[in-house]
Amino acid sequence: MSDSGSDTPNIRIIPPLVYLAGLVVGLIVTAWISTRVVADSIAWPVGAAFLLCGIVFAASALLRFLGAGTTIRPDRAASQLVIAGPYRLSRNPMYVGLTAIYLGIAIGAQSLWALLLLPIVLSIIRRRVVEREEMFLERRFGSAYRDYRTRVRRWL
């Protein structure tokens, strides 16, 4: 195991801001070029369902980190390997939650453009955050992380 003081995941972006940027750009384009994703009568109910699920999933993951006394900041070294709660379903429940929140807002706002930007957002998160976090966690926690990685999917 590496010393957590000298080894970090080497992440230079703030994940929620990546999601926010994609969503804002999509919503701005939608204001200029309106779109329709689903029937108006179900846009906000469907969007609200995604939004609520995303908030619950992300918040439960956040609470697990806080309960374990480890940082939620991906640019800082984790002091504990959290594998309980939503981490039994996904190795990245905070990002899954943010994705569901993004989907909820995009669907509710009838923003096809935001939906079209989501794969770019997810690619940035995977390549610039998740892959670096995974390399760090393997260095930091070794076989415990490798065992966890074999049991739990990256997303869902």
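Student: Where is Q110 found?
Tutor: Q110 sits in the loop between α3 and α4. Helices here are DSSP runs of H or I with at least four residues, strands are runs of E with at least two, and both are numbered from the N terminus. Before we go on, this is a predicted model, where local features need pLDDT of at least 70, side-chain atom pairs count only at pLDDT 80 or more, and totals for chains, interfaces and linings use all residues. Residues are numbered from 1 along each chain as its sequence is written, and side-chain values use heavy atoms, with hydrogens and water left out.

Student: Thanks! Is Q110 buried or exposed?
Tutor: Q110 counts as buried because its relative accessibility is 7%. Buried means under 20% relative accessible area, exposed means over 50%, and partly exposed is in between, with a 1.4 Å probe and protein chains only.

Student: What about the phi of Q110?
Tutor: The phi of Q110 is positive, about 55°, although Q110 is not a glycine. N10 is also not a glycine and has a positive phi, of about 60°. You'll find N10 in the segment before α1, and N10 is partly exposed because its relative accessible area is 37%.

Student: Let me zoom out. How many helices and strands does the chain have?
Tutor: There are five helices and zero strands, so the pattern along the sequence reads α-α-α-α-α. The C-alpha atoms fill a box of roughly 50 × 25 × 25 Å along the principal axes.

Student: And how much of the chain is buried?
Tutor: Of the 156 residues in the chain, 39% are buried. As for contacts, meaning heavy atoms within 4.5 Å, look at those between residues at least 6 apart in sequence: 80% of them join residues at least 24 apart.

Student: Now α2. How many residues does α2 have, and how far does α2 reach?
Tutor: Helix α2 covers residues 40-68, which is 29 residues, and reaches 43 Å from its first C-alpha to its last. That is close to the expected 42 Å, where the expected span is 1.5 Å times one less than the number of residues.

Student: Which residues of α2 are buried?
Tutor: They are A43, G47, G54, F57, A58, A61 and F65. What covers them includes α3, residues 93-108. By contrast, G67 lies in α2 but counts as exposed because its relative accessibility is 70%.

Student: What follows α2?
Tutor: G69 does, and its phi is positive, near 75°. The loop between α2 and α3 also holds A78, which counts as buried because its relative accessibility is 10%.

Student: Which residues does A78 touch?
Tutor: Leaving out residues up to four places away in sequence, A78 touches T70, T71, F136, L137, R140 and F141.

Student: Switching topic: what is the volume of the largest pocket?
Tutor: About 680 Å³. Of its 35 lining residues, F65, I72, M94, Y95 and E133 are the closest to its centre. A pocket is an open set of points on a 1 Å grid over the protein atoms alone, where a 1.4 Å probe fits, with protein on both sides within 12 Å along at least five of seven lines; lining residues have an atom within 4 Å of a point. Grid points are joined across faces, edges and corners, and the volume is the space filled by probe spheres set on them.

Student: Which helix gives the largest share of that lining?
Tutor: α4 does, with five residues. By class, the lining has 25 nonpolar, three polar and seven charged residues. Here Ala, Val, Leu, Ile, Met, Phe, Trp, Tyr, Cys and Pro count as nonpolar, Asp, Glu, Lys and Arg as charged, and the others, Gly among them, as polar.

Student: Last one: how many residues are in the largest nonpolar core?
Tutor: It has 14, and those with the most contacts inside it are Y19, Y95, Y102, V121, I125 and V129. α1, α3 and α4 each give two or more residues to this core, and α4 gives the most, with six. Such a core is a set of buried Ala, Val, Leu, Ile, Met, Phe, Trp, Tyr and Cys residues joined through side-chain atoms within 4.5 Å.
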